[in-house]
Each structure stands twice: as structure tokens, then as C-alpha cells.
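Subject: Structure for you to look through

Hello,

Please keep it beside you while you read.

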Amino acid sequence: MSSKATQQPLGLRIVIYAFIGIWLVMAAFPFLWTLWGSFKVELDFFSITNWKDALFGPRTQATYGSSLTGAGYEGAWIQEEFWRAVLNTFIVCFFVVCTSLTIGTLGGYALSRSGFKYTFWLLIIALIFRAMPPITLVSGYLLPFFEWNLWGILPTSIIVLVAINQPFTLWMLHSFFQKIPKELDESAKVDGCTQFQAFRHVIIPVMWPGVITTGLFSFLLAYNDFAVTAMLLSKENQTMVPKIASFLGTTQTEGNVMFAVAAVVSATVPLFILVMFFQRQIVSGLTAGAVKG
Amino acid sequence: MKHKTFFWFFLPTALAMLLFIAFPIISVVIQSLFTPHEAVLLTVENCGPFGCKTETSIDQEATAALKLAEPLGRFAGLSIYLDRGHLAVDEVAALWSGRESLGGFFDGLKNLPFYRAMYFTLTYTFVVTPLLIVLGFAIAVGVNSLHRHLKGLVIFFSLLPMIVTPLIGSLILFWMIDSRGVLGSAIQFLADDPDLSLKASTALTWITLMVYGVWHSAPFAFVVFYAGLQTLPQDTLESAMIDGASRWQQIRYVVIPHLMPLVTFVALIQLMDNFRVFEPIVGFNAEAHATSLSWIIFNDLGGETRLLSSAAATSVLTIIGVAILLSPVLVRTWRDFNAKT
């Protein structure tokens with residue numbers, strides 16, 4: 001839609017391009033800089049003499065004979081066993097997404113199809129639960145989990161993350177299911193299906209766009225969590241984010257900050273890929289709750 | 001849907017939320033009323049050739065047995081809430097009665113851990129939220145006027161600061177603003193002060209944390225506003241144009257009123273999320289200059305001595321804070337629901 005009337009004058013267009021350009025640099029530059037810097041030695045990435053060292057890496061050249069080195073990655077992944085944390089993270093994320101989607105779709109579907117007043121109150125309670133900072137709940141878990149010997153293992157964290165995820169999942173799936181016409185499953189019930197059969201044969205085939213979007217956000221929540229996993233997992237079972245946090249304590253003294261930098265870059269890569277492939281779903285998910293209300 | 005069918009569909013998710021959200025809240029409230037057992041002391045009288053001496057030692061077995069029998073500790077009532085680490089009633093009263101000026105009273109208040117954290121948390125929440133809304137709106141209006149091939153690319157890069165793990169995002173910025181990092185050197189160069197360090201002063205640390213907060217959350221506001229701009233009524237915009245409204249007037253009188261409900265939505269969500277600010281303090285290693293309520297809880301829970309009761313009391317106070325912030329949302333939802341039926 002670019003008619004003559006909506007065309008911007010040149011000056012305004014330059015201002016807009018400059019502003020968006022500055023924002024893009026702010027948003028992307030830190031990631032690119034850290035990615036590039038993770039292949040250098042510490043004295044180049046944190047250079048006292050000249051900031052350009054991080055670009056060209058004279059000390060990396062002197063130490064390893066080339067201006068790029070994978071030493072940070074080798075140290076983090078092999079020496080500090082970061083691969084274990086990566087594995088744990090993907091186990092946790094996989095089970096969190098599967099479980100929370102399974103019970104979330106059932107619950108969200110029920111909420112969208114029941115016209116009684118208690119559905120409203122259930123959604124309100126979910127909203128209140130959504131607002132609870134996870135760390136306040138964690139202080140309630142610790143004592144019972146110690147008592148029952150549940151502390152430190154992956155299944156406990158998975159269940160806790162699923163529960164913390166539920167309020168958000170319910171709200172999102174509820175609004176997606178409301179967009180699916182009620183006539184669809186009602187006609188199936190007229191044809192003799194039970195409610196569950198109607199759900200199984202009529203709703204499940206058409207619900208995937210909403211479920212995939214919700215699944216993405218469940219994944220992000222599990223992947224990005226720090227409070228729960230840092231507190232509920234023992235040292236051997238740590239996932240990536242608490243592992244990186246514990247790197248900071250040990251490596252700063254040993255002068256191995258580059259291990260942490262390499263680990264940070266490794267943990268960012270999956271998110272990059274996720275945004276690249278699912279940008280449309282993420283945008284639609286963020287706006288799903290907002291635009292309609 | 002019948003009640004019974006609803007029940008079976010809803011049961012799994014209800015159980016999960018009941019067991020792992022509702023019960024922990026109750027458990028936190030109970031825990032905050034108890035305090036750890038004191039060690040059981042054993043007094044033994046040793047009589048030697050030079051007279052008798054009484055010795056006091058900790059009876060490890062009895063202490064362990066007591067801990068096993070009553071893991072919660074002994075009942076303490078509200079005393080944990082009132083102690084120095086939390087509401088610090090005695091200290092506040094002393095400050096109030098000994099005050100010379102109101103400013104002096106608040107300065108004294110800032111030395112108490114709970115009020116210090118509260119001060120930062122509230123400042124952070126109420127500075128970052130308006131700024132990120134303004135920035136997000138500006139980006140949305142800017143991106144909306146770009147060529148459509150560029151839009152996808154810009155949205156991709158704009159999403160990154162929001163999608164990235166908060167701890168990782170703050171670490172990335174932390175390394176860059178290090179006095180040996182690229183931004184740190186740039187700031188030293190601009191300020192013409194080779195010893196300037198963003199980590200050394202409280203004011204600069206606060207500014208850094210808030211810049212991070214805006215950087216992290218502005219994309220959310222941007223995406224929501226951008227989606228809102230797609231539903232902008234073109235007729236209204238055109239008639240405003242025909243009536244001779246300037247570009248600024250179009251934004252002021254057509255675009256902003258259209259987006260107003262979204263602004264409220266973003267503001268409410270972000271108020272709740274910024275109130276729990278926590279990861280950046282860990283990432284920026286800023287606890288010497290800024291602490292938040294969530295950070296206090298984390299700090300109490302971590303380490304060798306897990307101060308469960310103290311953490312529980314702070315948790316309850318945080319939950320009360322969240323409830324106060326949340327009440328406008330609840331009122332709004334309630335009104336929407338009544339309007340619909």
C-alpha cells in the first residue's frame with residue numbers, strides 16, 4: 001500500500017532507517033561480537049591495550065599459529081564436561097514439552113468447551129499462578145524434596161517445570177481452541193462420538209498450529225530457566241544455564257573465562273536456529289493473548 | 001460439556017498445578033513461621049584434682065534426632081518477618097525516632113537488606129517498563145514503514161535479545177562492558193577517563209542493569225505493537241489524512257489510541273516480569289550494588305547453610321508484592337468477563 005499520499009519525505013525516511021539501523025546493531029552486535037570473540041584467547045577478547053585485538057587476534061596468532069582457535073570450546077566441552085549439561089538440557093526440554101503439551105491440550109480444550117462459570121475462575125487462578133516468581137516456589141520445594149529424597153534428579157525438575165509451565169500453556173491453548181469452531185466437535189457428538197472421541201478424531205487433526213506455537217514457548221521456558229534448575233539439580237545433573245553460572249565461580253579465578261564464553265555461545269546457537277525456523281509462530285504466539293483482548 | 005467430562009479432561013493439569021504451585025505456596029507460608037532448631041547443648045561437669053569444671057558441648061546426636069523429628073524447626077510466629085533481614089521493625093523504629101531529616105531516614109532505610117532490595121526492585125520495575133514501551137513503540141512504527149522484504153530480517157534480529165536466556169544475555173553484555181571489553185573501552189574513550197569502570201559505582205551499575213532490562217524486553221513490546229499496527233483501521237487513517245493531519249498528528253490521534261489496549265497489556269505483563277528481576281544481577285555480578293527480592297531468596301537458599309525459613313519469609317513478602325501489582329489485571333479481566341456475559 002504505497003500511494004503518493006503515504007510516501008514519506010526523504011528526510012523522514014533517512015531518520016527511520018538510521019533509527020532501525022541503530023536498533024539492529026544494538027540487538028545483533030553483542031551476539032556476533034561474542035561469537036567472533038569466542039574463537040580467541042582471553043588476552044585478545046579482553047584486551048587491555050587495544051580493542052581491535054578481539055577482531056584480529058594477534059595473541060591468538062602467537063599462541064596457536066592462527067587467528068582463530070577452538071581452545072575455549074575444547075576446554076568447555078571436554079575438560080569441563082559441558083556436553084553432559086547439554087545432554088541434560090535436551091532431556092529436560094524434551095520431556096517438559098511433551099508432558100506439558102499433553103496435559104495442557106486436554107485442560108485447555110476442556111476450558112474452551114465448557115460454558116460454566118468455574119472455567120473463568122480456573123483461568124483467573126492460572127493467571128495468579130503465572131505471576132508467581134518461580135524462585136518463591138522453589139523455597140517451598142526444598143524441604144519436602146530433601147525429606148523425600150527427590151532432590152537433585154532430573155525427573156523432579158521436569159515435573160516442577162511442567163507445573164510452572166501449565167498456567168501459561170493453559171491460557172495460550174485455551175485461546176487457540178476457542179478459534180476452532182464449536183460446531184466441529186458438536187456435529188461429531190451428534191453423530192454418536194463421546195466427548196473424548198470427538199477430541200481424538202476431530203480436534204487433534206486441526207489443532208497442530210496452536211500446539212506447535214505453545215510447544216515453542218514451553219521449550220523456551222524450560223531452556224531459559226535458571227532459578228528452578230540451579231536450585232533443584234545436583235552438580236552432576238546440572239543443565240546448561242546453571243552450569244554456565246557455576247563456570248563463572250571457578251573459571252574467573254583460573255583465568256579460563258574463555259570456557260564460559262564458549263559455553264555461552266554454544267547455548268545461544270539452538271535459540272538462533274529456533275528463531276530462524278519458527279519466527280512466524282513466535283510472533284503469532286506473543287500476540288495471541290494480546291490482540292484479542 | 002458435562003461437569004464429569006470436564007473433570008476428567010482437566011484433572012492432570014489441575015493436579016500438576018495443585019501439587020507444585022498451590023502446595024508450595026502453603027508450604028512457604030508455614031515454613032516462614034518456623035525457625036531452625038538450636039543445637040542441643042550438653043553440660044558436663046568434669047571433676048579433676050584441681051576442682052570441678054563445667055564444659056558445654058553440642059550434642060550432635062540429639063540435635064540430629066531433633067531435626068529428624070521436626071524438620072520444620074521450632075515455631076517462631078512472626079518473628080522472622082520482623083527481624084533485621086526482613087521488615088526490621090526495631091531498626092526502622094529506631095531510625096524513625098532518631099531521624100534528623102526525612103532524607104536521613106531513607107538513607108538509613110537503604111542500609112537494611114530488605115528495604116535495599118525493595119528500593120532497587122521498585123526503581124527497576126518502574127523505570128524499565130515505561131522505557132521499553134516507548135522504545136518498542138518506536139521500533140514498531142519504524143519497522144512498519146520499511147519495505148516488506150526488509151521486515152522479516154529486522155524482526156529476526158529484533159527477537160534475539162528477548163529469546164536469549166536472561167542469564168546468558170546479561171553475561172554477553174557484562175563481558176562487553178568489562179573495562180577490557182569493547183563497550184567498556186569505548187565508554188572510557190568517550191568519557192576520556194581511562195580508569196572508568198561501570199562495575200565500580202552503584203549509580204552506573206543500576207543504569208547498566210536497567211539498560212539491559214530495556215534491551216531484553218523491548219522486543220516483546222515491539223512485536224505486540226507491530227501486530228497491533230497491522231490491524232490499524234485504514235479508513236480512519238485516510239480520513240485523518242484528508243482532514244490534513246500531519247504525520248505526527250496521525251500517530252498521536254489515530255495510532256496511539258488504537259494501540260492503547262495493547263499498551264496496557266504490555267505494561268501489566270512487564271510490571272509483573274520486571275518485579276522478579278533476578279538473573280541480570282547474577283549475570284552482571286552486581287550484588288554489591290544492587291539486590292532484588294528474588295536475589296535475596298536465591299542467596300538464602302544457596303550456599304552451604306540453606307536458610308529455608310528466611311527465604312520463605314522473603315518469598316511470602318514477594319508474593320504479597322506480586323499480588324498488589326496483579327490486582328489491576330484481575331480487576332480488568334473481571335470487567336472483561338462481565339462485559340461478555
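Predicted model: local features only at pLDDT ≥ 70, side-chain atom pairs only at ≥ 80, totals over all residues.

I began with the nonpolar core. The largest one holds 185 residues, and the members that touch the most others are Y141(A), L159(B), W175(B), F225(B) and V266(B). Helix α15 of chain A, which covers residues 257–292, gives the largest share of this core, with 16 residues.

Next come the domains. Chain A is divided into domain 1, residues 10–75, and domain 2, residues 82–292, and the C-alpha centres of these two domains of chain A lie 33 Å apart. Their contact involves 14 residues of domain 1 of chain A and 11 residues of domain 2 of chain A. Together the two domains of chain A bury about 930 Å² between them, and carbon and sulfur atoms give 82% of that area. On the side of domain 1 of chain A, E42(A), G72(A) and Y73(A) supply 41% of the area buried against domain 2, more than any other three residues. Between these two domains of chain A the count is zero salt bridges, and the rule likewise finds zero residue pairs in polar contact across their interface, where both residues must have pLDDT 80 or more.

Over all chains, the count comes to seven salt bridges. One of them joins D44(A) to R59(A), with the closest N and O atoms 3.4 Å apart; because D44(A) lies in helix α2 of chain A and R59(A) in helix α4 of chain A, this pair ties together parts that are 15 residues apart in sequence. D44(A) counts as buried, at 0% relative accessibility, whereas R59(A) is partly exposed, with a relative accessible area of 29%.

In chain B, K199(B) and D178(B) meet in a salt bridge at 2.7 Å, N to O, and since each lies in a loop, K199(B) between α9 and α10 and D178(B) between α8 and α9 of chain B, the pair ties together parts that are 21 residues apart in sequence. D178(B), R180(B) and K199(B) are linked in a network of salt bridges.

Best wishes

Notes. Residues numbered from 1 in each chain as written. Chains lettered and ligands numbered in written order. Heavy atoms only, no water. Core = buried A, V, L, I, M, F, W, Y, C linked by side-chain atoms within 4.5 Å. Buried < 20%, exposed > 50% of the residue type's maximum accessible area, 1.4 Å probe, protein only. Helix = DSSP H or I, 4+ residues; strand = E, 2+ residues; numbered from the N terminus. Domains from an automatic or database assignment. Contact = heavy atoms within 4.5 Å. Buried area = accessible area lost by both parts, 1.4 Å probe. Salt bridge = Lys/Arg side-chain N within 4 Å of Asp/Glu carboxyl O. Polar contact = N/O pair within 3.5 Å; in protein donor to acceptor, adjacent residues only side chain to side chain.
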